[in-house]
Amino acid sequence: MKRVEPRSEWDDQFQGLHKKVTLHKKEKATLLYKLNSQITRMENKTKTHQRFTYYAVLTTSFLLLFILLSPSFINYTHGSGVELTGLGVNFSKETAIPFILLLLFSTPGFICFYYAFKPHENDDDSFLDLFGYEMSVTLLFIFILWICKKLFGPSQYVTIFRIIVFLLGLTVFYLIFVFWQSMLK
Amino acid sequence: MNNDMNKHKINAWYDEYSNDIHQYISYMINDHFHALDLTQDTFFRAYLNITSFHGEKPKAWLYCIARNLTIDYIRKENSKKLIIKKLIPNKITLRTPEQIATLNESEHELYVSLQKLKRNYRDVIILRKIQELSIEEAASILGWSKSKVKTNLQRGLQSLKKQMEEGGYLHETSGT
């Protein structure tokens, strides 16, 4: 009996605590609104995230195709019309190794486009994560982003970073173009 | 289409359980405003992981999510408190809003003593005594056996009594 008495008395107080600490109607409605906004934002973000990778892949594929077909175009426009290279008739053992190298060298270009199109929200720390992994490849991009952050205002630095990275991607593909041309000569 | 269905489900659960979840978090962390954030996070996390929920008791599942979030929050806060504690020793800060002002003296004393308890004891007292959940429900939320819930509740109440004695409250409430 001695042990039960204070506990039953507390039970009333516990019930008091249960009744008095509750969400107000307004708080509940505000919280629901915030929750639904958060869900909608997340859904939109997922859609954008799915799209931006396609942009990077499309740009890379287009440039690769252009580079591969460029020798044929050049020959055609110069009027020789005899030797077709690139994806043309002379695709042989000699062109296979440069072709594989070309595909390999296009990876850094693709990563550049990936960062150029990747959404950046609220100073997101995961912005420079590469497909979810921290890799040494990202070091250069971390450095570029850091420089941009130091030199430009908070509203501009991401855009400038994107421009730099996009140009870097184009440079990579230009170098691949030069390499492909020289290998086929 | 599936997303809409999940959203409706979360909204329905929110209507039904948000008060309980918020109350549980409020008592666990003693901070009304952060409790609001954590309540929102609980339902958001539930939405993100709704495909992994196949049970029939969403309440227990939501409580589990809320508990995990609360534990994470307490761990983060504890590291901050280590520094603050040296500057303001033994000071309980009641940061909950006007609701605390509506508590009568004995409820307030109980509330203060409750905040000083070990997390496990506080957990089980909040679920069993304040929220009046059954032993089975509390056991499934806490991931304990029924006997562990009973034992911890008993020890928690003893510890609460001790806290109230130390605080000089018990002679008024129990009449000892």
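Predicted model: local features only at pLDDT ≥ 70, side-chain atom pairs only at ≥ 80, totals over all residues.
Start by selecting Tyr24(B), Ile25(B), Leu62(B), Ala66(B) and Ile125(B): these residues have the most contacts inside the largest nonpolar core, which has 45 residues. Next, colour the helices that each supply at least two residues of this core: α1 (4-20) of chain A, along with α1 (2-29), α2 (32-48), α3 (58-87), α5 (105-115), α6 (119-130), α7 (135-142) and α8 (146-166) of chain B.

Now zoom in on Leu62(B). Leaving aside residues up to four places away in sequence, Leu62(B) touches Trp13(B), Tyr17(B), Ile21(B), Thr42(B) and Ala46(B). For a second stop, select Leu63(A), Tyr115(A), Val165(A) and Leu168(A), which are included in a separate core of 20 residues.

Next, show both chains together. Here 31 residues of chain B are in contact with 24 residues of chain A. On the side of chain B that touches chain A, α1, α2, α5, α6 and α8 of chain B each supply at least two residues. The most comes from α1(B), with eight residues.

Of its 176 residues, 37% are buried. Among contacts in chain B with a separation of 6 or more, 66% link residues 24 or more positions apart.

Definitions and conventions:
Residues numbered from 1 in each chain as written. Chains lettered and ligands numbered in written order. Core = buried A, V, L, I, M, F, W, Y, C linked by C-beta atoms within 7 Å. Buried ≥ 20, exposed ≤ 12 C-beta atoms within 10 Å, placed from the backbone. Helix = DSSP H or I, 4+ residues; strand = E, 2+ residues; numbered from the N terminus. Contact = placed C-beta atoms within 7 Å.
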